Amino acid sequence: MCSYIVEKAALVGSAKGRKGWMKIDTANVYFDHPYHSTLDHVLAIDFTNEGEGGRDRVAVELSADSARALVDRILAALASGEVAHATPAMPVAAE
Amino acid sequence: MSFYQGLHADVVPFRGHNGDQGEAYYAGPARAGKFPGIVVIHHIPGWCEWTTEVVRKLAHHGYAAISPHLYFREGNPGEAPDDLGARIRAAGGVADAQVMGDVAGAMAYLRAQPNATGKIGVIGFCSGGRHTYLAACTLSGIDAAVDCWGGNVVVDDPKLLNAKRPVAPIDLTEKMTCPLLGIFGNDDANPTADQVNRTEAVLKKLGKNYEFHRYDGAGHAFFNTLRDAYRPEQAIDGWRKVFDFFNRQLAASASSIAAE
């Protein structure tokens, strides 16, 4: 694309980067030429904390197909995980 | 004298837009003599390793070359250029006026060197190709410009114009004062083959001094040896076209060291 088109997603979470763990509040998502990957275009995500200036980031560059597969796996993990964790804990059998 | 000769390469300070001091990657022949200068404009992802390779390649062929770091204002010395590029992208990119000021500053740096002939070329890749087209239309003192697959020279979607990029470069073509070489891959999506044709039509209509070369089997960034897009056969021929153009337009006193 060769453009500055960026999708922003507000996040609640943490990420581990060069300086260790940090809170993150934003994902900048774009599909464009990469910096590191050899692919012509990548789905890139920069996880940042814009509330703290956004200077540090945790970055990924993914192929379009693998990015779509990741979206699918994220939704699958949420679906199964939320069901599992919403299930009342089974009573522990008496020893 | 050896067939292959040495070069100097370093990160140097330069004065960019508004006199701001930034850093640039510079390389030039180590031998005595006078050399034309070339400004290398990097692509959107940033001031990358491949850009420094291009600078050294130009030096190897007898030019003093410099690539200003267009994102230097965003960071502190020593910060990774890709991190600066990410922040610049999130902020909507750099303004055309600022880039033109930085290119003018890099040109002044080259002309101030004691071994300068005073002739100056500009070459840019991807967004840097677009910036090169803009520079050819808006900056004085450029003797030759090479646009390598610059996207958005023709702007079909008005939403892509904004305060930082207010004008489609194609609309400034009448003001172009230097010869232009264009290198394009026919499989590129930005610029498309149709957009390249429309750019050429405007250059032709206005009687500009230009030459375009289009390559089958190549898309965007096909010179870039660090990408899957690299097409060695087309890239070797393309570089030959680039050096032939610069040698003619800049009258390289130092003949090219190597053919490849």
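Me: How many helices and strands does chain B have?

Reply: Chain B has 6 helices and 8 strands. Helices (H or I, at least four residues) and strands (E, at least two) are DSSP runs, numbered from the N terminus. This is a predicted model, in which local features need pLDDT of at least 70 and side-chain atom pairs count only at pLDDT 80 or more, while totals for chains, interfaces and linings use all residues. Residues are numbered from 1 along each chain as its sequence is written, and chains are lettered from A and ligands numbered from 1 in the order in which they are written.

Me: What makes the radius of gyration of chain B agree with that of a compact globule?

Reply: The radius is taken over C-alpha atoms, and the globule rule is 2.2 Å times the number of residues to the power 0.38. For 260 residues a compact globule would have a radius near 18 Å; chain B has 17 Å, and therefore agrees. Its C-alpha trace spans about 55 × 40 × 35 Å along the principal axes.

Me: What share of the residues in chain B is buried?

Reply: A residue is buried if 20 or more other C-beta atoms, placed from the backbone, lie within 10 Å of its own, exposed if 12 or fewer, and partly exposed in between. Buried residues make up 50% of the 260 residues in chain B. In helix α1 (residues 64-86) of chain A, the count of buried residues among its 23 residues is 0.

Me: How many residues of chain A are in contact with chain B?

Reply: Contact requires C-beta atoms, placed from the backbone, within 7 Å. There are 17 such residues of chain A, facing 26 residues of chain B.

Key:
Two residues are in contact if their C-beta atoms, placed from the backbone, lie within 7 Å.
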